[in-house]
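Please show me this structure and take me through some of its local features with questions and answers.

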Amino acid sequence: MSEPNFPENFISSLSAEPGFDAGNFINAHQNIESPTSIRLNPFKKHPIKTNGPVPWCAEGHYLDTRPSFTFDPLFHAGCYYVQEASSMFIDQILKTIRPNNDEPIKILDLCAAPGGKSTLINSSIGAEDLLVANEIIKTRVPVLCDNLNRWGTANIIVSNNDPKEFSRLTGFFDIILVDAPCSGSGMFRKDPAAMNEWSEANVTLCHQRQERILADVYPALKEEGYLIYSTCSYSHQENEEIVDWLCDTFDMESTAIPIYKEWGIVETLSEKHKAYGYRFYPGQVKGEGLFAACLKKKEATPGLSSFKTKGHQKLALQEIEFVKRYLIDPENYYYNKINDDWLAISRVHKESLDTLQRHLYLKKSGIRVGKVMGNDLIPDHELALSIHINKDAVLQTELTYQQAIQYLRRENIDINPTDKGWSLMTFEGQALGWAKLLPNRINNYYPKEIRIFNPPPPKGGEEIG
């Protein structure tokens, strides 16, 4: 590794930060490679070779080398997510604050793209809990939807809204995660180009933006609900100062998160309110830079009045019965038609969906099952990747590795089908998508927006981010 070219005054600006060791920090950036880590999908269990657990996350694992994830069909099937290890600490926070009762909860991931923390949250909640994954920037929404589609569950809604628009949803969420836009110094080892973007002026700008985002979304948190705040910055202004500002501005109480000394995480206390924070420094933890804190809202918040739509239109009931064939436990879903597409979401979330549709711009809700055309269903890619698909209702075609790569490239596949009709294309039993089997050919329906292009790189090759 080359010697890091830290921005001017950067190291000196961190000298007073809790737990900061300049020599250790510089050595980690100069001589220690960023570890590669993945988080397994608990809903799509599949044997994957790993090299030890990430200690603060149940499904997190390190790899001994960075493989070509793009050319691993199991990645596209949603069997795992490639995520930086430190950011998996959200799992430890959720374990600590999750109420010890059976009441369903609603969680908002406010700045969700590309989806690492959203898929992590989704792994830690039950089917009757609801996750709303919001992305502020419109161009980042498709990758968020793609990653959540791969995860395969029906208790997810994706929105594309500015934080201020959530202020109308007073007291709606039990937990809100704000992984705030920041100056990005925690990613310097993994992305050295980020050093060129860092400046003390940008830190101040980020601090102001973080305050605005938090103030905008705060009304949406219910009384006794939890706010999880995180950044990939080392700067005090963006971390402990923000936590003190929250306690100054709102009635919030700091929450301690249990950690173990051998993890290498530095527990901090903010200057004014002695609120807990958790710092991750490369060289001290096996991961990149992160700050996280958790606070409980103590002030009363008026609840949102409920709103219910009418049931299914009578004219569509016949189509609904047709759609139901393709889902396990079909009576557990509320079916909703948008244009020609049928969507299904867990019935327990219907009232929440009705409320969110009134206030937000929704890009995904539950599972997009497909279009009914006469006596046929044109199945959607979301249905293929869903853990709720009724596989007994569809053909399945198992592919070799080479055939799977052909399929993921949206190329012709070298097989001679004996059946006809829509088929779920699988690799090692895991669904990849749809194809239409015809007497003389196969029509590949893998979505062109997410097909893979490049030839497989040499062993140990490319990254996917």
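The questions and answers below go through helices, loops and backbone angles in turn.

Q: What kind of model is this, and from which number are residues counted along each chain?
A: This is a predicted model, in which local features need pLDDT of at least 70 and side-chain atom pairs count only at pLDDT 80 or more, while totals for chains, interfaces and linings use all residues. Side-chain values use heavy atoms, with hydrogens and water left out, and residues in each chain, as its sequence is written, are numbered from 1.

Q: Which peptide bond is cis, and what is its omega?
A: Most peptide bonds are trans. Pro114 lies in the loop between strand S4 (106-109) and helix H5 (116-124), where helices (H or I, at least four residues) and strands (E, at least two) are DSSP runs numbered from the N terminus. The cis bond is the one that leads from Ala113 to Pro114, and its omega is near 5 degrees.

Q: Which residues of H5 and H6 meet, and how many of them are nonpolar, polar and charged?
A: From H5 come Ser118, Thr119, Asn122 and Ser123, which meet Leu144, Asn147, Leu148 and Trp151 of H6, contact being heavy atoms within 4.5 Å. In this classification Ala, Val, Leu, Ile, Met, Phe, Trp, Tyr, Cys and Pro count as nonpolar, Asp, Glu, Lys and Arg as charged, and the others, Gly among them, as polar. The contact of H5 with H6 accordingly has 3 nonpolar, 5 polar and no charged residues.

Q: How many of the 11 residues of H6 are buried?
A: Buried means under 20% relative accessible area, exposed over 50%, and partly exposed in between (1.4 Å probe, protein chains only). The buried residues of H6 include Val141, Cys145, Asn149 and Arg150. H6 is largely enclosed by the rest of the structure, because the number of its residues that are buried is 8.

Q: Which elements do the buried residues of helix H12 pack against?
A: In H12 (401-408), 6 of the 8 residues are buried, so the helix is largely enclosed by the rest of the structure. These buried residues are Gln403, Ala404, Ile405, Gln406, Tyr407 and Leu408. They pack against helix H3 (73-76), strand S18 (395-398), S19, S20 and strand S21 (442-444).

Q: Which residues does Ile415 contact, leaving aside its neighbours within four places in sequence?
A: Ile415 is in the loop between H12 and S19. Its C-alpha atom is separated by 9.7 Å from that of Thr397, 18 residues apart along the chain. The residues in contact with Ile415 are Thr397, Leu399, Gln403, Met425 and Ile442.

Q: Why do the buried residues of helix H2 line one face?
A: In H2 (residues 22-31) the buried residues are Phe25, Ala28 and His29. They line one face of the helix because, seen down the axis of H2, they fall within an arc of 90 degrees, the arc being that of the directions from the helix axis to the C-beta atoms.

Q: Is Ser270 buried or exposed, and what is its relative accessible area?
A: Ser270 is found in the loop between strand S10 (266-269) and strand S11 (276-280). Not counting residues up to four places away in sequence, it touches Glu240, Asp244 and Ala275. Ser270 is buried, with a relative accessible area of 0%.
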